[in-house]
Amino acid sequence: MSYGTIVLEIGDGAARLTLNRPERLNSFTVEMHEEVAAALDRVESDASIRALLITGTGRGFCAGQDLADRTIAPGTEPVDLGHSVETYYSPLVSRLAGMAKPVICAVNGVAAGAGANIALACDIVIAARSARFIQSFANIGLIPDSGGTWVLPRLIGQARALGLALTGEPLSAEKAESWGLIWKCVDDDALAAEADALLRRFASGPTRGLAATKRAIRNATLNALDDELLIERDLMRELGNSDDYREGVAAFMAKRSPQFTGN
Ligand code: T3D
């Protein structure tokens with residue numbers, strides 16, 4: 001399938017999805033939403049794909065909604081943003097967070113509005129040192145959507161979440177790392193190699209174990225410790241029967257690298 005607004009590359013057990021509207025800082029149109037959704041269908045349904053990387057073309061990662069599609073001519077009805085959020089942004093964030101494969105986001109430049117929160121929905125966020133995260137919703141009278149109001153206080157606490165959301169001030173990649181908002185900030189020219197190395201590692205990793213780890217950690221804040229311990233027991237029981245566990249132990253004992261199949 002060929003796309004007009006994204007690039008999807010598949011190979012070596014991994015998928016690379018690049019947002020590709022650089023002249024608009026990769027902001028989202030309906031076409032881009034539909035193409036990203038189709039790409040995620042492919043990634044989810046193809047068992048040979050064991051990890052996903054998302055990044056952007058040009059100097060931006062993503063500037064959220066394309067506001068050119070939101071100008072309201074006098075006398076016309078505004079777009080129903082609730083419909084847009086429900087149909088496009090929320091399902092996208094939900095799919096990234098819930099996907100049974102690790103999702104890496106390589107934030108190559110500014111990530112604003114929904115673009116920032118789509119990045120934060122990914123499991124591992126690596127940002128170029130020049131990148132910025134901007135909750136720009138305040139500048140246009142909106143609220144942080146795409147999971148922003150949920151993820152920000154959880155990752156950085158209420159004071160910082162409110163500060164970012166109410167002011168719309170940019171947060172540097174370095175500060176995002178030091179605040180615990182993202183996994184890592186790296187030099188711009190190291191971003192692609194760092195993200196690729198991680199993608200290759202996940203693509204040849206114990207996929208079932210990685211998926212279970214992701215699910216357990218993402219759901220953990222909802223559970224009491226004793227409930228979480230029961231979940232851990234069940235997941236360990238299940239994974240103890242996996243081929244990859246057997247291979248991991250055998251490789252350790254034989255002092256060789258494991259050859260995980262994802263099963
Ligand atoms: O609407 C719904 O469906 C509901 C859901 C909403 C989700 C949202 O994401 S709402 C928030 C929308 N996004 C924004 O408010 C961000 C708007 N952009 C900016 O504030 C700035 O562009 C940035 C801070 C991201 C970057 O600033 P800067 O100075 O580095 O770049 P720039 O010059 O502003 O942008 C470069 C070009 O991209 C420029 O076009 P031009 O002048 O070269 O022809 C600019 O207009 C364009 N651009 C940037 N962001 C958007 C955009 N065009 C359309 N929509 C954008 N979001």
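The pockets and their surroundings

Mentor: The second largest pocket holds about 430 Å³ of space. This is a predicted model, in which local features need pLDDT of at least 70 and side-chain atom pairs count only at pLDDT 80 or more, while totals for chains, interfaces and linings use all residues. Residues are numbered from 1 along each chain as its sequence is written, and side-chain values use heavy atoms, with hydrogens and water left out.

Of the 22 residues lining the second largest pocket, those closest to its centre are Gln65, Leu67, Leu81, Ile140 and Leu142. (On a 1 Å grid over the protein atoms alone, a pocket is an open set of points with protein on both sides within 12 Å along at least five of seven lines, a cavity is a set where a 1.4 Å probe fits but cannot get out, and lining residues have an atom within 4 Å of a point; a volume is the space filled by probe spheres set on the points, which are joined across faces, edges and corners.) Helix α2 supplies the largest share of this lining, 4 residues (helices, H or I of at least four residues, and strands, E of at least two, are DSSP runs numbered from the N terminus). By class, the lining of the second largest pocket divides into 14 nonpolar, 6 polar and 2 charged residues (Ala, Val, Leu, Ile, Met, Phe, Trp, Tyr, Cys and Pro count as nonpolar, Asp, Glu, Lys and Arg as charged, and the others, Gly among them, as polar).

The largest pocket, for its part, holds about 910 Å³, and of its 29 lining residues Ala121, Cys122, Asp123, Ile217 and Arg218 are the closest to the centre. Two or more lining residues come from each of α2 (81-98), α3 (114-120), β7, α4 (148-156) and α8, with α8 giving the most, 6 residues. The lining of the largest pocket comprises 18 nonpolar, 7 polar and 4 charged residues.

The structure holds 1 cavity of 30 Å³ or more, and the largest cavity has a volume of about 50 Å³. Its lining is formed by Leu17, Leu19, Phe28, Val36, Ile54, Leu92, Leu96 and Ile118, and the elements that give two or more residues to it are β2 (14-19) and α2. By class, that makes 8 nonpolar, no polar and no charged residues.

Turning back to α8, the axes of helix α8 (residues 207-220) and helix α9 (residues 225-239) come within 11 Å and cross at roughly 175° (axes are lines fitted to C-alpha atoms, for helices over the stretch in contact, and angles run from 0 to 180 degrees between N-to-C directions). The two helices are therefore roughly antiparallel, a term used for angles over 145 degrees, whereas those under 35 count as roughly parallel, 65 to 115 as roughly perpendicular and the rest as oblique. Where they meet, Arg208, Gly209, Ala212, Arg215, Ala216 and Ala220 of α8 contact Glu228, Leu235, Glu238 and Leu239 of α9 (contact means heavy atoms within 4.5 Å), a set with 5 nonpolar, 1 polar and 4 charged residues.

Strand β7, which also lines the largest pocket, belongs to an open sheet of 6 strands in the order β1-β2-β3-β5-β7-β10, with mixed pairing (two strands pair if DSSP finds at least two bridges between them). Because β1 (6-11) and β10 (184-186) stand at the edges with a single partner strand each, one side of each is left without a neighbour in the sheet. From one strand to the next, the twist averages 20°. Strands β1 and β2 pair in the antiparallel sense over 6 bridges, with Thr18 of β2 as the bridge partner of Val7. The hairpin of β1 and β2 has 2 residues between the strands, and in it Asp12 takes a positive phi near 55°.
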